[in-house]
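Dear colleague,

I am passing on the structure below, which you have not worked with before. After it come my notes on what turned up.

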Amino acid sequence: MHTLLKSTAVGLTAAAVTAGAALAGPYDAHKGTTLVVNFPAHPHYDAVMKILPEFTKETGIEVEVDQLPYLKMRERQTLELAQDEGDYDLIAYVVFSKADYVYADQLENLAKYFMNPKLANPAYDSADLIDGYVYNIGFAGGDRGYLSGATGSLFGMPYGSETSVLGYRKDIFEKHGLEVPQNYDELLALACQIPELEPGMGGLASRAASGHHAAHAFLLHLNPLGGAIFDESWEPVVNNAAGVKAAEALKTIVDCGAEGSVNFGFGEALGSFLNGDTAMFLDTTIVAGQVDNPDKSKVVGNVGWALHPMGTKRASQTGGFGIGIPANAENKDAAFLLMQWLTSKEGDKLVAMAGGNPSRFSTHADADVNAKFPHMATFGEALQYADPDWRPIIPVWGKINADLGTTLSKVLTEDLDIQEALDGVAARARTVMDEAGYYTWNE
Amino acid sequence: MSRALANRFTPYMFMAPAVVIMAMALIYPLGYMIWGSFRAWNPSQSIGEAEFVGLKNYVTLWKDPNFHESLGVTLKFAFFVVSFEMIIGVGLALLLDRNIRGMSVLRTMFILPMMIAPVVVGLMWRYMYHPTVGTFNRLLDDWGLPRIDWLGQHALNSIIIADIWQWTPFIFILSLAALQSLPSSALEAAKIDGATSWQQIIYIKIPLMMPVLIVTCLLRLIDAFKVLEVILVMTQGGPGLSTEILALRISRTATEFRELGVAAAMSNYLLLLLLALTVGMFLFTRLQEVRAARIRAAIDEDL
Amino acid sequence: MAEKYEKQNPAFYVLIAILVFMSIGPVLLMLVNSFKLDVDILSGTSGLLFLPTIQNYETALCDVLWYEPEHLDFCQLKFGGAFVNSLIIALVSTALTLVIGCMAAYALVRFRFMGRDTVSLTTLMVRMVPPAVLLVPVFGLWNNEFCLDKNGLIGGLIRDTLGGRGDVCLAGTHSGIILVYVAMNLPFVIWILQSFIVQVPRSLEEAARVDGAGPFQVFFKIVLPLIKPGLAAAAIFTFRIAWNEYLLASALSDRDTKTVPILIVNNMSEFNVEWGVIMATGMLLAIPPIIFTLFASRQIITGMTAGAVKG
């Protein structure tokens, strides 16, 4: 009798266990793990913080986040990634760090994770991901090292990516009967016209602070006006006619901008627009969420959106962040699951509803998202013109970027001659490129 | 162990912990840095893996216009800050050296700026200098005057003002203490002789305070080169490089540009500069003392 | 000593009033702003007419509050943790610096021994070094060289008990930062204490020695009690530096050992300058120094003047 009961019990338990194993969800093996992630203090990632509890609820994996200002985050990361065993399981990297990290072999190649049937979600639908972003932010090893191409592979997923768009004050434009600028000539004319029409108001809020910000602002104008930093054989051409025109455009904008704009970082430029001190704003799409937030903005309901004006072509920014798994991480599989969840259709929609930047075409076209954020439709259209070659993502870009930014800031504040300044940047960039070996095959 | 032996070792035992710690955390790192300045060193490498490049870092810096600009900014900053603080601090001490009720309360309030964290000082002034909502520009608006672009065009001046705010109390307190320890006999004698207060100041008070003033000035000068957090928070070295003092540039080269070798070379340049200044001041003081002694000797001879 | 309070002319008092206003004005401004909402700060409503709110402090202290503030979606600032870190680091640095510095100062003043002048001179010279100069080597050493292999005896023990990954390096630990702070502060503390020890009459020490006291007893029982004001001054200064320091702490700390200044600087993010919260965290950081100033100003002044005036 006892033996019968016992064997039945054992048999039932065994059956239950096997059944349980057969029905095991993809997340069960990792329940209870705590992931440590590094995110920047950025509106998109603030939205991510809001949806992370959903992830924990669904999978049982805890997430501990280290949020830092994004330039500091980068400094922290370069240190952590170089260790033998790092603290972070998942990092959000600034797009131009893709080159550094991949080159130093510090990010996991995602191929083996997508090949693992226990981890890869068959319903992921990678064709729905915005390809401009995927190639700009996640892909490495293709043409010129950083663009798409047959020789490359994926090291990260775009998350928090952004393109550039023009925001303008509908009420001011209506009041003075102004037209939304379609090309650069109109934009520049308007930028200086507005301070005269509305005394005390700046034309276009732009970042201009020395270093990364001034360089970013410059690049916004360089590409549409037909310029580039390097040509096909990596020779610097930033000082050609288009480059000078772009720098002049930046100077005009800053001169006709709000008080103190020479020192504006991104936060201040945005603040100036949200406070009603400037009539236009040309920068990343991430600001859309804040414009309609009454806690932060005084221009709620008065802002319209348009495409980035055309120069000789339409070329808006591609940039932002991507997420990747460090090579020295501890919980790589669980980190991959998090990455996959965040960039899945459901995760993307959740973050878009919370105010973040979607990374999928379907999210931009989704009815709920558009109901809450009507500008999504314009953004979706802007994405068509996102230029994947917006800036060269090469390991030495950091140095060149810093030099470009500092020099441009001098142009803006000390009235340095533009051609001379750009010639200097080109010469110094050439030295850096030469040292890094970019002209090895040029003979 | 015999008492004599224990006594022989006592000084070493007393000194040992301090020596060990300073060696480990000050001397060794400094030597390490000098060693590292001859290499192309990346933050992820340990120094052994870094490539030896001889004097290349030094030469690069020597020719680098950014380094020159940063050096210029540092010297300008140090000069103006120390001069203004000395003049204002000593002046205030001379003015306020009177017996009034509640002097100790006042002194308490005056040292407050010095005690606040530089990071917080930077914050406060950044807010006050803000182009649109800052206190200063709003006041100017209220008075109908044009706004000033504090942190843009006049960044260096704004930083100097903030530093003066924070450290003048230091000079003030020290000068006041010096003044109050002056022998009253000399002052009384001068007053009896009919010296005006101005003459009293120039011929009696200041010369007698000189030793303290020199030490204070030297201390302040050394500290002026260490200022970093205030500038970091207020302008981050911008616009351009107009407020990037050497200490800030070194920290940027290390963390942002990730070139530890160059940062080390720059640190060495800075140390050499400081050494030159300190030695210079010592020689100057020594010269003054020698001259004073000679004058005194001459007076003694005449008498 | 009879205090003679002279009457001064009104201009004098006006000057004093101006000076006081300028000294504490910015601090008061920060205090007032920390109780305002961002919208109020940015829109420039005049300082006195506003609705005070403790929202900023709630945001800052969100991880030590016993309730969930409604305006917050998630707790981003971990001020409580940073505060504890700052406190630990500052207190331990101060204690260690005092003990070690005291002993060293005593040795330099009282004993003649080989290498005394070298040590004295080095102590002075090291005072010149800006922390930024130390940044590079300390960063490199603390991360790469001063490490215990995690497979070794002690390293393995530490990893087993405390967890964590990788080799046990000084970077990212409280001890790493404390070590640097102690080393940085020793020269100044030694210098201050020297001028106090010099004033202790030798006769007292000789008397004690005649009575049979060993050198350590002489030091602890005779000298230390007499230099209490110097100790207080040195303690306040060391605490202040350890509490306020940013640069080296930011280079040597990791997620668990962040101090408050690092938190403040990190919070000045690009995208969202939350002035109210920044002011609140700034006030919180400034509270201990303000308390010291109010209650120990005499010691502070004594400390400053020692060595300058008397030396």
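This is a predicted model: local features need pLDDT of at least 70, side-chain atom pairs count only at pLDDT 80 or more; totals for chains, interfaces and linings use all residues.

Since C192(A) lies in helix α8 (residues 184-197) of chain A and C256(A) in the loop between α10 (241-255) and α11 (266-274) of chain A, the pair ties together parts that are 64 residues apart in sequence.

As for accessibility, C192(A) counts as partly exposed at 21% relative accessibility, whereas C256(A), with a relative accessible area of 15%, is buried.

Turning to the interface, 94 residues of chain C are in contact with 87 residues of chain B, and the two chains bury about 8400 Å² between them, with 82% of it on carbon and sulfur atoms. M128(C), V136(C) and M304(C) supply 8% of the area that chain C buries against chain B, which is more than any other three residues. Helix α14 (residues 275-305) of chain C gives the largest share of the side that touches chain B, namely 16 residues, and the residues of that side divide into 72 nonpolar, 15 polar and seven charged. Across this interface the rule finds zero salt bridges, but eight residue pairs in polar contact, both residues at pLDDT 80 or more.

With best wishes

Definitions and conventions
Residues are numbered from 1 along each chain as its sequence is written. Chains are lettered from A and ligands numbered from 1 in the order in which they are written. Side-chain values use heavy atoms; hydrogens and water are left out. Contact means heavy atoms within 4.5 Å. Buried area is the accessible area (1.4 Å probe) that two parts lose on being put together, summed over both. A salt bridge is a side-chain nitrogen of Lys or Arg within 4 Å of a carboxyl oxygen of Asp or Glu. A polar contact is a pair of N or O atoms within 3.5 Å; within protein, one must be able to donate a hydrogen and the other to accept it, and residues adjacent in sequence count only if both atoms are side-chain atoms. Helices (H or I, at least four residues) and strands (E, at least two) are DSSP runs, numbered from the N terminus. Ala, Val, Leu, Ile, Met, Phe, Trp, Tyr, Cys and Pro count as nonpolar, Asp, Glu, Lys and Arg as charged, and the others, Gly among them, as polar. Buried means under 20% relative accessible area, exposed over 50%, partly exposed in between (1.4 Å probe, protein chains only).
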